[in-house]
Amino acid sequence: MPTISFFTFGCKLNQAETIVLKEKFYVQGFSIVPFNSQADFYLINACAVTQKAEKEVRQAIHQIKRQHPNSQLIVAGCLTKQIIKSEQAQVDLWIENKDKKNIYQLVLKNLIQSSSRFKSTDSELEKDNQRTRALIKIQDGCQHYCTYCIVPYLRQKIYSQPLNKIIQEIKEKEKQGFHEVVLVGANISLYNDQGLNLSSLLEKILDQTKISRLRISSLWPTAIDQELLSLIKKNSRLCSHLHLSIQSACDKILLSMGRNYKQKQLKQIIAKLDKIPNLSLTADIIVGFPGEKESNFQETYQFIKWAKFLKIHVFRFSPRPGTKAYLLKNQVPDQVKQTRAKILRNLSEQIAEEKRKKYFTQILPVLFESKQGSYWSGLTPNYLKVFIKTNKDLSNKIINLKLTGLYQDGLKGKIFI
Ligand code: SF4
């Protein structure tokens, strides 16, 4: 039976798509094997959002071809032939995002039918028991054209998955034993299917499924509406955690990024969100965007201090060929970007520790995911990482824990009965 191995770079959308791709190959009789094993085919689901991701994809291509010269290499996703010209010859098949849905047919036509080695038989789909959260793709595409972002050039067509398909997928995940699903997309704030926006979609999912936890991925901050706030307040199955794609809090930089909001609006939204008990906010921030002066960076710094995000993901601006920001003058030196990134990460850690301390003695449900040494760890609905020392197998269990103190990058707790 043919074997195939997958490696995914980048965002949750890519991860969700890999799961779908795995299923497509599985039903055709492929055996899915881990990435460090010998396989007939290797499929890289690539990412081009940052230079770092692009470099890692290049390294993976070289590594596979060096270690498995007789295997066939397929590269799919947000990295096109045009972007990595020098690795073209090493890749046996390129699949663009728009062709991912036909991936098996393309592999069959271009790689399998030209080889007599492969015969389809039944096989076991390798199940990753560690996975406790299922990613559900609800949307694809973006046409915002933020000046730094390559996504609209790679995923231009806007598509929203119809409600009935989403419900069906979530019900399947429930049957498979998942307790939590995360809704993902290129820009889920753009979800729109026959007049159903993201908030009304969430309401329907909560009504029509029994999934214990529903989480949403990154949001365009000004797209948060009253309906979403009310849902979070009244429905504990909707995780009280919002991840905001803010990027900067300096009006001049936001304008140059092509983000159509200002710091004042961000403050108004966060002030409203702050009133919801136990809601956690996390955010994405880019430092070193072209033209970002020290005073502009300080505006973002002060804003983060005020907003008290539980965590911020800090990205150093990475110029992507083909985007407007690539051509902007006043590029910020790498050294300055590194310093600013470090300053924000330190601030983020300080704030996170303060925030975590506020949860001492609270009782929260934890969905356990993994074990390191004698500690199991998992997440609360509001994205706190919680550890507990135990010999019991807690994998994929939701248990109420009383939070007792800080531990590593989270909290520790004891079982509350
Ligand atoms: S909203 Fe902006 S940053 Fe997000 S995917 Fe669209 S263009 Fe890229």
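1. A strand here is a DSSP run of E with at least two residues, numbered from the N terminus.

2. Staying with Gln 194, its phi is near 45°, a positive value in a residue other than glycine. Most residues other than glycine have a negative phi. Is Gln 194 buried or exposed? Gln 194 has 7 C-beta neighbours inside 10 Å, and a residue with 12 or fewer is exposed, so Gln 194 counts as exposed.

3. Gln 247 also deserves a look, as its phi is near 75°, again positive in a residue other than glycine. Gln 247 belongs to strand 13, which covers residues 241-247. Around Gln 247 there are 23 other C-beta atoms within 10 Å, and the cut-off for a buried residue is 20 or more, so Gln 247 is buried.

4. On confidence, the protein has a mean pLDDT of 88, with 93% of its residues at 70 or more. Please take care with residues 116-130, where pLDDT stays under 50. For that stretch the model has 18 contacts beyond four places in sequence. Where pLDDT is low, the predicted coordinates should not be read in detail.

5. The overall layout comes next. The protein is divided into domain 1 (3-112), domain 2 (134-355) and domain 3 (363-415). Taken over C-alpha atoms, the centres of domain 1 and domain 2 are 27 Å apart. Where these two domains meet, 13 residues of domain 1 are in contact with 15 residues of domain 2. On the domain 1 side, helix 1 (12-27) and helix 2 (51-67) are the elements that give two or more residues. Helix 1 provides the largest share of that side, with 6 residues. Sorted by class, the side of domain 1 that touches domain 2 has 6 nonpolar, 4 polar and 3 charged residues.

6. Leaving out residues up to four places away in sequence, Leu 43 touches Ile 4, Phe 6, Leu 21, Ile 74 and Ala 76.

7. Asp 92 lies in the loop between strand 4 (72-77) and strand 5 (93-95). Its C-alpha atom is separated by 5.2 Å from that of Leu 73, although the two residues are 19 apart along the chain. Beyond its neighbours within four places in sequence, Asp 92 is in contact with Gln 72, Leu 73, Ile 74 and Leu 111. With 16 other C-beta atoms within 10 Å, Asp 92 is partly exposed.

8. Finally, the ligand. Which residues are around the ligand? They are Cys 142, His 144, Tyr 145, Cys 146, Cys 149, Val 151, Pro 152, Ala 186 and Asn 187. By class, this shell divides into 7 nonpolar and 2 polar residues, with no charged ones.

Methods:
Residues numbered from 1 in each chain as written. Predicted model: local features only at pLDDT ≥ 70, side-chain atom pairs only at ≥ 80, totals over all residues. Near = placed C-beta within 6 Å. Nonpolar A, V, L, I, M, F, W, Y, C, P; charged D, E, K, R; others polar. pLDDT = per-residue confidence, 0-100. Contact = placed C-beta atoms within 7 Å. Domains from an automatic or database assignment. Helix = DSSP H or I, 4+ residues; strand = E, 2+ residues; numbered from the N terminus.
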